[in-house]
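Student: Could we go through the side-chain contacts and the pockets of a chain together? I would like to begin with the charged residues.

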Amino acid sequence: LFQTHPSSHPRKSVFVEFEKDQRLNVLCRKRAGANMAAGDDSTAVPSSSEVNTLLNHSAYDPAIVPQLESYVRSEISALTDPFSTDTAKSPYHFDCNRTLIKLYQFFPHLAGDGGVTSLVLFLALLEFPSMDYVALTCLVSEKVRG
């Protein structure tokens with residue numbers, strides 16, 4: 001695509017950003033494919049900085065759902081594993097959880113049985129003084145609530 005300076009023309013800078021997003025999506029797909037080829041059914045757990053990068057560059061791309069789901073599961077396992085000394089590996093990440101619920105809104109076939117949605121709501125409930133639970137509950141569809 002265009003390889004010009006982003007400030008030279010506004011449309012050209014959009015194309016440059018689009019190209020960066022496409023490269024990131026290809027990288028995510030290759031990573032997921034490598035895990036599947038290695039016989040690993042689960043997606044590798046992304047770090048907090050990788051989740052931030054995903055959210056900054058392709059927040060509404062359904063291809064990032066497996067990475068976000070694995071991060072949510074790692075948040076839960078960090079809470080439930082009594083022998084885990086590395087709780088900072090997967091800290092609570094509201095933006096990750098909110099983006100995952102929004103992606104489930106736009107692409108309901110990705111939500112599956114709603115198990116990850118319950119985990120997200122559980123994590124939000126644990127952050128009780130904040131309004132995370134109320135905010136996420138408003139995003140969950142009626143079908144999943146019932």
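Student: How many salt bridges does the structure hold?

Tutor: The structure holds 1 salt bridge. Please keep in mind that this is a predicted model.

Student: Which residue forms a salt bridge with Asp95?

Tutor: The partner of Asp95 is Arg98, and their closest N and O atoms are 3.3 Å apart. The pair counts as a salt bridge because the cut-off for these atoms is 4 Å.

Student: Where do Asp95 and Arg98 lie?

Tutor: Both residues lie in helix H4. They are 3 residues apart, about one turn of the helix.

Student: Let us turn to cysteines. How many disulfides are there?

Tutor: The structure holds 0 disulfides.

Student: Is Cys96 buried or exposed, and what about Cys138?

Tutor: Cys96 has a relative accessible area of 0%, so this residue is buried. Cys138 is exposed, at 56% relative accessibility.

Student: And the aromatic residues: how many aromatic pairs does the structure hold?

Tutor: There is 1 aromatic pair in the structure. It is formed by Tyr60 and Phe106, whose ring centres are 6.1 Å apart.

Student: Why is the pair edge-to-face?

Tutor: The planes of the two rings stand at 70°, so the pair is edge-to-face. The cut-off for that class is over 60 degrees.

Student: Which parts of the chain does the pair link?

Tutor: The pair links distant parts of the chain, the two residues being 46 residues apart. Tyr60 is in the loop between helix H2 (48-58) and helix H3 (65-80), while Phe106 belongs to helix H4 (residues 94-106). Phe106 is exposed, with a relative accessible area of 53%.

Student: Now the pockets. What volume does the largest pocket have?

Tutor: Its volume is about 260 Å³.

Student: How many residues line the largest pocket, and which lie nearest its centre?

Tutor: The lining of the largest pocket consists of 14 residues. Tyr104, Pro108, Ala111, Ser141 and Val144 lie nearest the centre.

Student: Which elements give two or more residues to that lining?

Tutor: Those elements are H4 and helix H7 (142-145). H4 gives the most, with 3 residues.

Student: What is the lining of the largest pocket by class?

Tutor: The lining has 7 nonpolar, 5 polar and 2 charged residues.

Conventions:
Residues are numbered from 1 along each chain as its sequence is written. This is a predicted model: local features need pLDDT of at least 70, side-chain atom pairs count only at pLDDT 80 or more; totals for chains, interfaces and linings use all residues. Side-chain values use heavy atoms; hydrogens and water are left out. Rings of Phe, Tyr and Trp (its six-membered ring) pair if their centres lie within 6.5 Å; planes under 30 degrees apart count as stacked, over 60 as edge-to-face and the rest as tilted. Helices (H or I, at least four residues) and strands (E, at least two) are DSSP runs, numbered from the N terminus. Buried means under 20% relative accessible area, exposed over 50%, partly exposed in between (1.4 Å probe, protein chains only). On a 1 Å grid over the protein atoms alone, a cavity is a set of points where a 1.4 Å probe fits but cannot get out, and a pocket is an open set with protein on both sides within 12 Å along at least five of seven lines; lining residues have an atom within 4 Å of a point. Grid points are joined across faces, edges and corners, and a volume is the space filled by probe spheres set on the points. Ala, Val, Leu, Ile, Met, Phe, Trp, Tyr, Cys and Pro count as nonpolar, Asp, Glu, Lys and Arg as charged, and the others, Gly among them, as polar. A salt bridge is a side-chain nitrogen of Lys or Arg within 4 Å of a carboxyl oxygen of Asp or Glu. A disulfide is a pair of cysteine sulfur atoms within 2.5 Å.
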